[in-house]
Each structure stands twice: as C-alpha cells, then as structure tokens.
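Here is a friendly walk through one protein chain, written for someone who likes cut-offs stated openly. Please have a look at the model first.

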Amino acid sequence: MAQDPDHSDGERGGLSQFRKNRFFSGKLMTPRDMKADQEYHADRLHTLARFVVGSGIVHGLEVRSISESDDGLEVTIEPGLALDGRGRPIIVEQVTTKSLPRPSADEISLSIQYDEVSLETVPVPNTDDAIDEESTSNRIVEVFELAYQEAMGDGREQPPGVEIPTVETDTNAETVRKRLLEGYHDQHRSSAPFDADTAVFLGSFERTPDGVWAAADDPAPREFVYDHELLFETIINHVTDTDNPHRTPVEREPPDIPDDIGAITDRLDALETELGGLKQDQTALTRYIMRKTLKDRARFFDELADQLEQQTSEGSRLAREIAATASVDGERIYENEEAYRRHVQQVLEHLIALGDDLESATTEASLERYLKSVSELQAALEDDEPILELAEAQDRVCEAADSLEVLVNIVPDE
C-alpha cells in the first residue's frame, strides 16, 4: 500500500502525524495492522519525550572503566537510563562490559545508542506459498550499543538561551509569564525541528603515557535530562526563600550617619584624636624596640669579648668595640629612626670584620649561623626595609653572637 503524500514517516527525526489502527466488527487483523498499533503508541511516546522532556542521561550510566585488551577496548558502564535524540529510552539493566575496536588516537568521546535485537526464532506456517521465509523472530528486544569518536567533545547543540523580558515595577506575574513564553517560542520553537542526534554522550577519555585510559582533564559536559522533581524542588526552594532567593551578596548596613553638620564635625574630631593616640603608641613601641636591640647588643658582645680573650685578641677587641658603640650612642640613636639606621650601617662593618676573625676561634656550625644573620642584616639595610624589620634582623645577629661556640685549648693566632 502506497503512503499518503500528505504524511511524513518521520525517519529524519522531524515531526510526523500519528496513525492509529481503526477497529470495527468483522475486521481481519493482519500483522500489518498489529504493527501499526505498536508504532502508533511508540511514536507518540517518543515524540513527547523528545520535545517535552529532552534527550540525555536520566539515571546512572557512569563509565566504570576503560581497559585495553588483545582485541581492542573493554568498556564497563553502570546501569542506567537515557533518552536519545528521538525520545527513545535506552536502558542498561546491569553492569555491562562491551568490546570496541582499538582506537588509533589517544582521545575518544564515548556515546551510547539505541538498538534492537531479534530473539526467539519460530517457524512460519506456509499459507498457500505466500511466505518466502520458513522462520522468523518472535520477539524484539530494545538494547544498546556503545560507540566512540576519535576526538574530544560531544558535538551537541548549544542549549537554547532564554531572554528575560524587561518589566516595569507594576507589571504583574501573568504578563511576565506570557512575555517569557512568547519570546522563547519565537526564538526556538518557530522553525522546523532539527535532525536529532540519536547518540547519548557518556564522556571524554584519553590515554595516559603509561597506556591507561582515564577521564579527560577538561571533559565536555555530559547532557542530563531535567526531570520534574528537580525543577519542582528548585521552584519551591525559590518561592519559600523569602530572605534572599537569588543569593545576591548582601552588604553590611552602613553605620548611622548623623544628620547635622555639628555631629559630623564631632565625629571627625574624635577620629582624629583616636588616630593621634595610635600614632603615639606606634612611636613609643618603635623607640622601645630600637633601645632594646642596642642594650642587647652591648650585653651579648661584651660577653663574647670575654670568651674570645684567650683565642683571638683581635676578635675580642672588635666585640668590645661593637658593644661600646651601642652603649655610648644609645641615648640619642633610638630617638630617631634615620639615626638608628645610620648607626646600624656603621656597626655592620665591624660585624663583618669580626666574622672574618672568628673562623679559627669558633665551631663551624655556630660561625655559619652568625655569618648568615649578618648577611640578613646587610640585606635589610640595602633593601631599605622598615625600621621594625631592621631591628628584628639586628636581634638575630645578637642571638647568633650569644650562641657562638668558642673553641678551647687552641693556640691563638699572633
């Protein structure tokens, strides 16, 4: 029987009008009639699924592993459900391993496709020699096949964009709803449907240098179906969140601002007084730290001079000179940051000279600590570090001098 010219078979993935069987008393039911009845229900279901629900993964279908074998690839996937580009359900009922040919590239995109398999071969009765085949299948099972492309990405169409209409403050919700639907329909539902891709993308994979297949570092996103429960819960959460439904960052409330100029002036005066107090505290703290470093240097290097008297007279002299400089100049140095910086620069030469003289009088490890601290002090001066960091560097020199381990029972240098 020829097909009506006004009807499409829908084989290219477009739309076709549904045909259903018409039953009447005395009708002779043939295989063609029963097949038409099956196709009617399947086509309606697939069309609704395609244009209302969408295509993609509904549940499961994670790729558990990909391994290489003698024949190619062994791919294992988890159970799950997907809808392909024509709205047909693809079901994997249990953990399943499929074999694929070995790819020549190191990157593949894996997908799953709808397929059918015939089962239960039965004999066909000979009806006046009208049947050519002696047997045929009694059942058809909807199964799936795995496939891959030797490239990254899934090649899917970009999801349609939704333009939010501009509304006035007095626009009611029904008007917004109509404008939103009209705009979406004009942009995405006016033209003929595209030829849908029947494959469902499962993921991108790449072969590592050691020959193991793993998920790509930057994989293309898998396509999922938005089920009604997801959308419904999203809407409910939005509607019931009366505090901040759009998760808009909320700034802290500004402090109370006085209305009159007099109060503002009083507030500014109070802030200036507070700032002045903080500056005085900072100055006092800085002076205290500078003075402390000078006193510590005098004490530590005096003690070092006593220890070095029997080993190196020159080293003992340098240590006492460093200590004496801190004691004599201390009263005026710590009053001024620039004077303190110049003083440390002058003492640095003595510290370096002392380090050269200590090589035969102290242990190697303790001398290394001392030389390192002197080098850090020199770097702080050259980099013009803040005065507190410079004082901290000088403190480390004092600690290193205090921890110098002077050798005993050695012949002093003449």
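## Ground rules

This is a predicted model, in which local features need pLDDT of at least 70 and side-chain atom pairs count only at pLDDT 80 or more, while totals for chains, interfaces and linings use all residues. Residues are numbered from 1 along each chain as its sequence is written, and side-chain values use heavy atoms, with hydrogens and water left out.

## The chain as a whole

The chain has eight helices and ten strands; these are DSSP runs numbered from the N terminus, with helices being H or I of at least four residues and strands E of at least two. Of its 414 residues, 27% are buried. Here buried means under 20% relative accessible area, exposed means over 50%, and partly exposed lies in between, with a 1.4 Å probe and protein chains only.

Accessible areas come from the Shrake-Rupley method with a 1.4 Å probe, and for residues only the protein chains shown count as cover. Among contacts with a separation of 6 or more, 65% are between residues 24 or more positions apart; a contact means heavy atoms within 4.5 Å.

## Salt bridges

There are 17 salt bridges in the structure, each a side-chain nitrogen of Lys or Arg within 4 Å of a carboxyl oxygen of Asp or Glu. One of them pairs Arg207 with Glu68 at 2.5 Å, N to O. Arg207 belongs to strand β9 (residues 200-207) and Glu68 to strand β2, so this pair ties together parts that are 139 residues apart in sequence. Glu68 is partly exposed, at 33% relative accessible area.

Helix α4 holds both Arg299 and Asp296, three residues apart, or about one turn of the helix. Their closest N and O atoms are 3.6 Å apart. Arg299 is partly exposed at 43%, whereas Asp296 is buried at 12%. Another salt bridge joins Arg320 and Asp302 (3.7 Å, N to O). Because Arg320 is in helix α5 (residues 313-333) and Asp302 in helix α4, the pair ties together parts 18 residues apart in sequence. Salt bridges that share partners also join Glu68, Arg102, Asp106 and Arg207 into one network.

## Surface patches

Leu15, Leu48, Phe51, Val52 and Val53 make a nonpolar surface patch of about 480 Å². Patch residues have over 30% relative accessible area and no salt bridge; like charges are joined within 9 Å, and nonpolar side chains (Val, Leu, Ile, Met, Phe, Trp, Tyr) within 5 Å. Phe51 sits in helix α1 (residues 31-53) and is partly exposed, with 41% relative accessible area.

## Backbone and strand details

Leu61, not a glycine, has a positive phi of about 65°; its place is in the loop between β1 (56-60) and β2 (63-68), and Leu61 is buried at 0% relative accessibility. Asp384 also has a positive phi, of about 55°, in the loop between α7 (364-382) and α8 (387-402). Asp384 is exposed, with 54% relative accessible area.

In strand β8 (residues 135-149) you will find Ser137. Ser137 and Thr121 are 16 residues apart in sequence, with their C-alpha atoms 4.2 Å apart in space. Leaving aside neighbours within four places in sequence, Ser137 is in contact with Ser118, Leu119, Glu120 and Thr121.
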